[in-house]
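Keep the sequence and the 3D view side by side while reading. The paragraphs below walk through the fold element by element.

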Amino acid sequence: MPRPLFCAGWLAALFVPAALAFDIPPLASIERSCELIGKRLASVNPEDCRNAGLRTSLTGTVQGQPILWRDYRSQLSRGNSQRILLLGGIHGDEFSSVSMVFRWIKQLEHDRFQPFYWRVIPCLNPDGLLRVPATRTNASGVDLNRNFPTPDWNETALPYWERRTGSDPRRYPGRLPLSEPETRWLTRHIERFRPHAIVSVHAPFGVLDYDGPQQPPQKLGFLRLHLLGAYPGSLGNYAGVYRGVPVITLELPHAGTMPDAAQSARIWADLMTWLEKSLPEGSPLRASPLYREPWRAPAQAATLPGVPLFSDWTP
Ligand SMILES: [Zn+2]
């Protein structure tokens, strides 16, 4: 049976007021971050989160939350495994996407003989997840999945938002591409990690979406292929269409309830099968003429108020 993900009694007092310009709150510890995520998501045990070997970004989101991440290397092949980036919680109100990645973290902890080198980021948007109520956008009101630097961003992102979404605040792409600390951080990871594929978990459309050069999987578990299209500034458009990296987007059917264990195991097994037979030997990441120094934010972003610049990099 699906489990509810909401925790009753989530404390409104845990919400941290928005940071003022250049008034960046101190970075929360991993203990605090796991405690907050565990209070928000019934499926995430704070102790499991603390003991999962997760690392924190060295600087944080607008509200001082670290982005948690860790690597899992294959015990089968040393040094030349194909690299997979697994990502949840780009939209803060899609709880099941975070819970699913935490569930697959347990899978990776036990499956030492899977063939890939994984970089796992259970929640890219902790500010959106932890707000009360949770928000799709980050603390600056930006839809992170519209803030990636697709080549036509300057011409298309804001006009698309205004005309096609009716200026829906849930889909605001930001003032500039990579204006947000979360997208800058992830883009830098993509540049340095050079994934052979990206798996991004969302909800609640109950389909499988795909962007990139390979033939897409027709289904993963009960999720069937249904191409949703490429949007200005989306991760699928940026990494899949523009940079040439297969981006598999799993849209779980419910934001507030998880697929059951058997369903998620079937999705995982089908995903592994597709990755093993479909990925190229070398990283398909195409060079980006836009970002020759991609670990640095665009110069304009440095002037945006309330946006802490990441200065850290730990390979
Ligand atoms: Zn989403």
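In this predicted model, helix 1 covers residues 30-40, and its residues Ser33, Cys34, Leu36, Ile37 and Arg40 are buried. These five span an arc of only 165 degrees around the axis, so they sit on the same side of helix 1. What do the buried residues of helix 1 pack against? Their partners are helix 2 (46-50), strand 1, strand 2 (68-72) and helix 4 (126-130).

In general, the strands of a sheet pair through backbone hydrogen bonds, in either the parallel or the antiparallel sense.

Both senses can be followed here. Strand 3 (residues 83-87) and strand 4 (residues 117-121) are parallel and share five bridges; Leu85 stands opposite Arg119 of strand 4. Strand 5 and strand 9 also pair in the parallel sense, over five bridges, with Val201 opposite Leu250 in strand 9. Strand 6 and strand 9, by contrast, run antiparallel and are joined by five bridges. Asp209 has Thr249 of strand 9 as its bridge partner. Strand 9 (residues 247-251) is mostly covered, four of its five residues being buried.

Next comes the nonpolar interior. In soluble globular proteins, nonpolar side chains tend to be buried together. The largest nonpolar core in this model has 66 residues, and those touching the most other members are Leu86, Leu87, Val101, Val120, Val199 and Leu250. Helix 3 (residues 95-110) supplies the largest share of this core, eight residues. Val120 shows what such a position looks like in detail. Neighbours within four places in sequence aside, Val120 contacts Trp69, Arg70, Tyr72, Leu86, Val101, Ile105 and Leu108.

Some of the loops have backbone features to check by eye. Which residues are joined by cis peptide bonds? Val132 and Pro133 are joined by one, with omega about -5 degrees, and Pro133 lies in the loop between helix 4 and helix 5 (153-164). Another joins Ala203 to Pro204, with omega about 15 degrees; Pro204 is in the loop between strand 5 (197-202) and strand 6.

Positive phi values occur at two residues other than glycine, Leu178 and Arg194. Leu178, with phi near 60 degrees, is in the loop between helix 5 and helix 6 (181-193). Arg194, with phi near 50 degrees, is in the loop between helix 6 and strand 5. Is each of these residues buried or partly exposed? Leu178 has 28 other C-beta atoms within 10 Å, so Leu178 is buried. Arg194 has 15 C-beta neighbours inside 10 Å and therefore counts as partly exposed.

Last, the confidence of the prediction. The protein chain has an average pLDDT of 85, and 83% of the residues score at least 70. Residues 8-21 have a pLDDT below 50, and this stretch has 21 contacts in the model beyond near neighbours in sequence. Over residues 292-315 the pLDDT also stays under 50, and the model has 49 contacts for them beyond four places in sequence.

Terms used. Residues are numbered from 1 along each chain as its sequence is written. This is a predicted model: local features need pLDDT of at least 70, side-chain atom pairs count only at pLDDT 80 or more; totals for chains, interfaces and linings use all residues. A nonpolar core is a set of buried Ala, Val, Leu, Ile, Met, Phe, Trp, Tyr and Cys residues joined through C-beta atoms within 7 Å. A residue is buried if 20 or more other C-beta atoms lie within 10 Å of its own, exposed if 12 or fewer, and partly exposed in between; C-beta atoms are placed from the backbone. Helices (H or I, at least four residues) and strands (E, at least two) are DSSP runs, numbered from the N terminus. Two residues are in contact if their C-beta atoms, placed from the backbone, lie within 7 Å. pLDDT is the predictor's confidence in each residue, from 0 to 100. Two strands pair if DSSP finds at least two bridges between them. The arc is that of the directions from the helix axis to the C-beta atoms.
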